[in-house]
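Here is a short note for a colleague who is opening this entry for the first time. Please keep the structure in view while reading.

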Amino acid sequence: MSAGANLPRYDAVVVGAGPAGSSAAVVLATAGLRVALVDKAPFPRDKLCGGLLSERCMGEIRASFGPKCAAPIEVTTYGAAIFDRERPVVRVGHYKPMHFTSRRTFDAHLVSVAADRGADILTGSAVTAVDFASGTVRLGDGRELHTAFVVGADGAGSRIRKLLGIPIDRDDFAVGLEAEVARESVGREVTNPEAYFGIAEWGYGWVFPKRDTLTVGIGGLAHRNADLRARYRELALAAFGRVPSEPLCGSPIPFGNFVGMPGRGSTLVVGDAAGLVEPLTGEGIAFAIQSGRYAAQAIVEAARIRAPERALALYDAGYRSITRAFRDVRLLRQLVFSRVTRRAFLRALEGNERLVRSHMDVLAADTEYRDYARLVLAQTVRNLPRLARRAVTWAPSGSRRRA
């Protein structure tokens with residue numbers, strides 16, 4: 001389609017220029033549609049994120065941006081270390097690659113690819129209103145964009161999702177705190193990603209290696225972690241024996257609360273706006289890129305058949321393929337983070353390189369989440385009777401009590 005007196009100025013307006021939005025914009029522009037990619041921030045900009053690019057994610061990058069798209073990777077690792085607070089639980093090395101990037105450079109790179117493919121990049125002004133009936137998107141600087149399709153890729157607090165009236169479960173929102181800590185300040189070498197359990201409730205802490213810094217962060221369900229700054233300090237003391245001076249940034253994170261209906265008619269929501277963050281580890285970039293591509297492909301087909309109202313139905317199959325896997329992970333999350341079973345999970349994890357490798361297989365998309373969940377469940381359940389016996393003690397009076 002082309003712009004004209006009786007046609008929208010843009011075939012599609014993508015709101016939010018993170019990985020999901022850039023993915024959608026690239027696929028749409030490559031298909032020949034006229035696309036505006038809108039973001040309230042100028043790029044490059046900072047973004048709270050561990051910056052993990054799993055092998056699954058690398059595959060999604062190639063699928064959306066093309067096989068020659070080279071992501072700006074700072075560090076590639078082949079192992080991982082797991083801790084119960086400061087106590088080492090298990091270490092794995094020399095297995096499958098995991099890559100780490102800075103979202104400041106990564107997101108800017110993807111936006112540049114979208115621009116190269118022909119998308120108009122409109123940054124520095126937020127969307128203030130959308131008239132879905134007329135296809136009018138209004139920006140804070142007074143501009144109006146006219147379009148047949150809208151993609152909401154505007155993050156966890158998505159304005160597009162709110163304007164559509166799509167509910168999201170607030171109890172399943174997590175909050176994250178993170179700092180970029182200078183490597184030379186921590187007093188030890190960190191070569192592989194580290195995960196720390198037992199500090200955040202229904203969450204975990206992480207130390208991810210970058211070229212010049214370590215990304216040190218903690219996240220968990222918001223309503224179970226009233227003082228996350230105190231938990232960050234606990235994490236830093238467990239990991240380094242001191243609290244770094246670098247400033248913290250915080251952000252809400254969807255955590256298993258993906259929306260049931262990812263849009264209405266010709267308006268679709270993707271990535272964090274749809275709650276598409278993996279409910280155990282919080283991995284989100286891969287699923288953001290994947291959902292952006294699925295939404296764009298649905299719009300391309302709806303435009304081809306001249307039925308914009310069919311976009312949501314066309315997007316639904318791809319969206320459900322993501323959320324089916326998330327449902328399996330949501331059950332696994334209960335096992336890993338619940339106070340009733342998490343000690344058994346950590347006991348099963350102790351020295352168990354197979355479990356860690358299996359999770360790395362999932363990150364590489366070489367194992368299904370369901371198969372991984374079955375393995376974790378089987379090995380955790382073995383430890384429940386032993387831990388139950390240890391949890392029961394005898395008081396001096398002879399009355400039974402729980403420790």
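1. Ground rules. This is a predicted model, where local features need pLDDT of at least 70, side-chain atom pairs count only at pLDDT 80 or more, and totals for chains, interfaces and linings use all residues. Residues are numbered from 1 along each chain as its sequence is written, and side-chain values use heavy atoms, with hydrogens and water left out.

2. Overall form. The protein chain has eleven helices and 20 strands. Helices (H or I, at least four residues) and strands (E, at least two) are DSSP runs, numbered from the N terminus. The C-alpha trace spans about 85 × 45 × 35 Å along its principal axes.

3. Burial. Of the 403 residues in the protein chain, 56% are buried. Buried means under 20% relative accessible area, exposed over 50%, and partly exposed in between (1.4 Å probe, protein chains only).

4. Helix H6. This helix covers residues 285–304. Its 20 residues should span 28 Å at 1.5 Å a residue, and the end C-alpha atoms are 29 Å apart, which agrees. The expected span is 1.5 Å times one less than the number of residues. H6 is mostly covered, with 15 of its 20 residues buried.

5. Aromatic pairs. Rings of Phe, Tyr and Trp (its six-membered ring) pair if their centres lie within 6.5 Å; planes under 30 degrees apart count as stacked, over 60 as edge-to-face and the rest as tilted. By this rule there are eleven aromatic pairs. Phe 83 and Tyr 196 are stacked, because their ring centres are 4.5 Å apart and their planes are at 5°. Phe 83 lies in strand E5 and Tyr 196 in strand E13, so the pair ties together parts 113 residues apart in sequence. Both Phe 83 and Tyr 196 are buried.

6. A second pair. Phe 197 and Phe 345 pair edge-to-face, at 5.9 Å centre to centre with 75° between the planes. Phe 197 lies in strand E13 and Phe 345 in helix H8, so this pair ties together parts 148 residues apart in sequence. Phe 197 and Phe 345 are both buried. They belong to one aromatic cluster, which also includes Trp 202 and Phe 255.

7. Charges over rings. Here NZ of Lys or CZ of Arg must be within 6 Å of the ring centre and within 35 degrees of the ring normal. Arg 34 lies over the face of Tyr 10, 4.8 Å from the ring centre. The charged end of Arg 357 sits over the ring of Tyr 95, at 5.6 Å from its centre.
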